[in-house]
Amino acid sequence: MTDSGIEITAELVHGLLEDQHPDLAGLPVREVAGGWGNQMWRLGDELAVRMPRMEGAPDLLRKECRWLPVLAPRLPLPVPTPVRIGEPSARFPKPWSVMTWVHGEPLDHTSISRGDHAADTLAGFLRALHVEAPAEAPASTDRGAHPKECTGGFEEFLRAIAPGGLSADARAVRAVWDDAVAAPEWEGPQVWLHGDLHPANVVVADGTLSGVIDFDAMFAGDPAWDLAAAWVLLPAGAGSRFFEVYASADEATIRRARGLAAMKSLFLILMGQSGDRGLPGGKPAWGPAGRAALDRVLQGVLT
């Protein structure tokens, strides 16, 4: 159900296509599991219908449709790009979109076996993405600040998990966070960021990263928010290679990124616990991913 109380079904998606994009209505429609703000439906083999179901999701969808066509041509990995826009109607009172489908298995349901290749791929992708953003680029309302401005969220996640839910020492996690808080602020230009790189937002094929999805959090800001992915996404031992290939992260940025990776790992663990308890929005597969990421964070700055 959406926040408007409308159940999103295959019949609804097909009807919307018949009304607004009849040339696509003959393609088979099948639901894709997962997603929070949007519900996804495969449309044939190469497309997907993205249906907002939560408050705020329509604005994020329009942001994706505005900026992904600008970013996608220079990115070295496949990303979803808008093919059609669906307008609000009597059938469904929100905008919706038809996007290209990015082939691969989400990382929260598989693993990376080619660590060096994945490190090179992720670094190349972020080097291409992290260019200075225009003045009209979107800003973030809930992320993007220096870690010192996010201490409340970190403390909330740590309290919710520790002591029983953490295999790692909570004091060691706090030390990583305190180091990030003490790191100098980003003084460079505001660069384009994905903003939400975690295992459900990248896909894997042949043991390595094959695409990046879900750009609805994209904004301009401090690259540390994306560089946290070195710990959150890559297997142990690949972080050093990642930063060598990325080549433009100074010590302060790496310290901030490591702290943010610790906070993101705690969030993944917390969502995994919610999934294990059957709570709404919980993601059972995220717990193991978060614990593995946190172990990598605690192993060292560049492991």
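The model is predicted, so local features need pLDDT of at least 70 and side-chain atom pairs count only at pLDDT 80 or more, while totals for chains, interfaces and linings use all residues. Residues are numbered from 1 along each chain as its sequence is written, and side-chain values use heavy atoms, leaving out hydrogens and water.

**Helix H5**

- Helices are DSSP runs of H or I with at least four residues, numbered from the N terminus.
- Val173, Val176, Trp177 and Ala180 are the buried residues of H5.
- Those buried residues fall within an arc of 95° seen down the axis, so they line one face of the helix; the arc is taken from the directions from the helix axis to the C-beta atoms.
- They pack against helix H4 (151-161), helix H9 (251-276) and helix H10 (286-299).

**Nonpolar cores**

- The largest nonpolar core has 70 residues, and Phe125, Leu126 and Phe242 have the most contacts inside it.
- H9 gives the most to this core, with 11 residues.
- Another core, of 15 residues, lies apart from it and includes Ile8, Val49, Trp96 and Val98.
- A nonpolar core is a set of buried Ala, Val, Leu, Ile, Met, Phe, Trp, Tyr and Cys residues joined through side-chain atoms within 4.5 Å.

Terms used
Buried < 20%, exposed > 50% of the residue type's maximum accessible area, 1.4 Å probe, protein only. Helix = DSSP H or I, 4+ residues; strand = E, 2+ residues; numbered from the N terminus. Contact = heavy atoms within 4.5 Å.
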